[in-house]
Amino acid sequence: MLRLLIVDDEPPARARIRQVLADAAAAAPHEIVGEAPNGVTALELMDRLQPDVVLLDIHMPGMNGIEVARHLAARPQPPAIIFVTAYDEHALEAFEVQALAYLLKPVRADKLAAALARAQRLGPNEPRLEQGAQA
């Protein structure tokens, strides 16, 4: 069962991700171990929560999602990163930080379940991002 951390600055967006995850639970068993409203808090929670996957927004105040992903990629055992964003123009940067997937909001349960299933199959430090942004 995958351990997930949800990172988004907007409470309604975090609630929506929780709902989509509930819809995808049968196809992708998981446990939400925490939520963070910004990148700094997400990095502070990493050691304590040890998520397997981080569901990460890009546009956040302070530290954006790409910066968070860079910090996470530098860890010895980085979690898989699944970007969940409303902005399609950051897909190239997501490639550069070894993201597993780049999902556009509003994310669909089948797309999220497929990305989580891929995270379950991959070992740490393997190339992650699937070709192209997913709608």
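In the predicted model, A117 is found in helix α5, which spans residues 109-121. Because its relative accessibility is 28%, A117 counts as partly exposed.

When residues up to four places away in sequence are not counted, D57 touches V7, D8, D9, G65, F83, V84, T85 and K105. Among these contacts, F83, V84 and T85 belong to strand β4, which comprises residues 80-85.

Strand β4 is itself largely enclosed by the rest of the structure, because six of its six residues are buried. Both faces of β4 are covered, with A80, I82 and V84 buried on one side and I81, F83 and T85 buried on the other. β4 runs parallel to β3, to which it is joined by four bridges, and V54 stands opposite I81 in this arrangement. Together, β3, α3 and β4 make a right-handed β-α-β unit. β4 also pairs in the parallel sense with strand β5 (residues 101-104), again over four bridges, and here I82 stands opposite A101. The chain passes from β4 to β5 through helix α4 (residues 91-96), and this β-α-β crossover is likewise right-handed.

Notes: Residues are numbered from 1 along each chain as its sequence is written. This is a predicted model: local features need pLDDT of at least 70, side-chain atom pairs count only at pLDDT 80 or more; totals for chains, interfaces and linings use all residues. Side-chain values use heavy atoms; hydrogens and water are left out. Helices (H or I, at least four residues) and strands (E, at least two) are DSSP runs, numbered from the N terminus. Buried means under 20% relative accessible area, exposed over 50%, partly exposed in between (1.4 Å probe, protein chains only). Contact means heavy atoms within 4.5 Å. Two strands pair if DSSP finds at least two bridges between them. A crossover is right-handed if, with the strands pointing away from the viewer, the path from the first strand over the helix to the second runs clockwise.
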